[in-house]
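Biologist: Please show me how to read the main features of this structure. Let us begin with the surface.

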Amino acid sequence: MIVALINIFLLITSPVLQLDNGLEMVDVFNYEYFIDLNGDMGITDVVSNPNFISIPSKNPNFGLGEEAVWLRFKVEPNGMGEEKKYLVINNPNLDEIYFYLVRDGEVKVNQVSGRIHDFNNRLVPSRKVIFELKMEEGVTDEVYLKIITNEKRIVSAGIADMKTINHQLYFENILYGIFTGVFFGLFFYNLFLYFSLNDKTYLIYVFYILLVWLGQSSILGFAQELIWPNWVWMNLRSNILFSILGSICAIWFVRSFLKTKKYLPKLDLGLMVIYGVYFLILLGTFLGLLRVTYAVFLVTQAIVIPYVFLMSVLILRSGFKPARFFLIAWSVFMLGIFLFVLTQMGVIPFSQPNFYLMPFGAGLGVILLSFALADRINDQKRENEIEQSEKLKLLEEHESRIIEQNEFLEEKVKQRTEELELTLHNLQNTQTQLVNQEKMASLGQLTAGIAHEINNPINFVSSNISPLKRDINDLLEIVKAYREKGKLEFSESSKKDLQEVEDDIEFDYILKEIDQLLRGMEEGAKRTVEIVKGLRLFSRVDEQDVKRVDIHDGINSTLILLNSSMSGKIQVYREFGNIPIIECLPGKLNQVFMNIITNAIHALIENLDNIPEPKITIRTNHIGEQIRIEIEDNGFGMPANVKQRIFEPFFTTKAVGKGTGLGLSIVYTIIENHKGTLEVRTEQGKGTNFIITLPIYQNTQQND
């Protein structure tokens, strides 16, 4: 449809209409004009008037006004062929046009036409005003035109024979038919979508399409020719009437589609003011104040178009994605209307291409707005899918809560968590206020890991699994004995009744289900024990002094707690060497592992689309009296200027509110207090490797 409109525009806006038989329409360009202030001068008075002024333009624009405009130009048949010639006025929006052919001071032809005159009485019943030129060979005549109209007094005229005129009319009729086909195709398509989706935005858009088509048909003169040829009242008002109704519908569509009341409530009030101005223009049109309302309408459109454009830009920047197609469509529509208004106001010289800018812009804008509505359907579909996914997640969480049965274990975990929070709080009090803030962030992360990992295993009863299995097995043995004795001693009727009962309750399935439930409870208990063990190894809440610990236990417990943040998208490789037990503050080192691994996870998660196989590799080695720990990721790495500052307090590359910039500063301090070293090897695009070296003994060397 877009290609069709572009072809229409290119064809219909040719400067001179060249036909396949070699005929062409000759433009009139040697005008002289005179302004009749009272509009009561006759042709006799005008012929003898010496005050005519020459006009260089071949499409003069005299603006709005009550005065009558007299035009004069000379015509001669030389070089025009033998066919009868006619003067064609291309502007269909002139109210009254009086035509006089004067030869040697005597009026030879006197004709009248325009929108207020009977359409069927025109020389050629068409949207164009056509006058007959009764010229004689070798004689130069003068043509006088008296023009009175309520809209812009713009004149575009040409001279041609009737065959050329008919070819031009036929050609424009075909283009108008294509134009109408595009609009009605969009009309019925969006009407179908309205009944399918029950979205009022599509109904508003359907009315908008219809009103734009009526407005453009009126401006081009086709409405007067095809719909209301002899309805003078409508002929005088149709241009501004349907343009105003279309503009009201357009503002209604803008408010509904862009949700201006939600995103820009203050600017939305401006649209309500524009509504009021439009209704005043509409009232003035019905009352007959046509010149005033036309002038106010042009000024209003020059304000409304950029105002709505600004609103669409602001709404797009706020994150409302459907506004992008609307912005493109409105830009095209805005350009067409803006140039049309400037042409009507006389800022841009009138020409045939400019006359068709508004219909072309309106047609292309309507098509692009259809794309915007289609894009909105896709966005709504994506939003619905996300909403359904969230609802499903909530249902799963509720179901998980319903099957929770071990209140005792839950209370124990709660007490343990409170103890851990209290211990971490006490450790925070030994640091400065800024360090306290960072530790609170670590505590929040730790608590989130606990809540996530224990969320499923907490549903299983661990303390009573073995007795429950034993008791159920005993019961099943008794049932089995009853069934075997019953087969020997019960009557056939009793056996049949018992068999029916077993079939009704699906006894065999119940036996299998009991076994599956017991295995599930036992597996849940094992997972709970594993997580609690990892929690204790990581926290070391009761250890304030240097202890001899296995570093591997601290790394493993940290990975358990951070497992949920990896979302199953990051592979962790442990390349542990044979290292001795070392002296350290376990809680402090666990905090080091937590901060470094967390940074690696964030670096990978934020670039999952660009890293095909995200991974974290942890290596340990024994080197003399020291151990070496490497934590490496295959992310994008860091540039040199960032690497130089990563251990500075408060330095962070994260967005505001995402981090304090103290994590690696604390890590560096902890390693330094352990008499170790911390080295960073990184290169942009090749990942990052943190290398930690720690002494085996903190005080004096001891024999293992």
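Modeller: The protein exposes about 36,900 Å², by the Shrake-Rupley method with a 1.4 Å probe, where for residues only the protein chains shown count as cover. Carbon and sulfur atoms supply 56% of that area. This is a predicted model: local features need pLDDT of at least 70, side-chain atom pairs count only at pLDDT 80 or more, and totals for chains, interfaces and linings use all residues. Residues are numbered from 1 along each chain as its sequence is written, and side-chain values use heavy atoms, leaving out hydrogens and water.

Biologist: What percentage of the 704 residues is buried?

Modeller: Buried means under 20% relative accessible area, exposed over 50%, and partly exposed in between (1.4 Å probe, protein chains only). Here the buried share is 46%.

Biologist: In what order do the five strands of the open sheet lie?

Modeller: Strands (E, at least two residues) and helices (H or I, at least four) are DSSP runs numbered from the N terminus, and two strands pair if DSSP finds at least two bridges between them. The order is S12-S14-S15-S17-S16, with mixed pairing. Strands S12 (571-575) and S16 (677-682) are at the edges; each has a single partner strand, so one side of each lacks a neighbour in the sheet.

Biologist: How many bridges join S15 to S17?

Modeller: Eight bridges connect S15 (residues 626-633) with S17 (residues 688-695), and the two run antiparallel. Within this pairing, Glu630 stands opposite Ile691 in S17.
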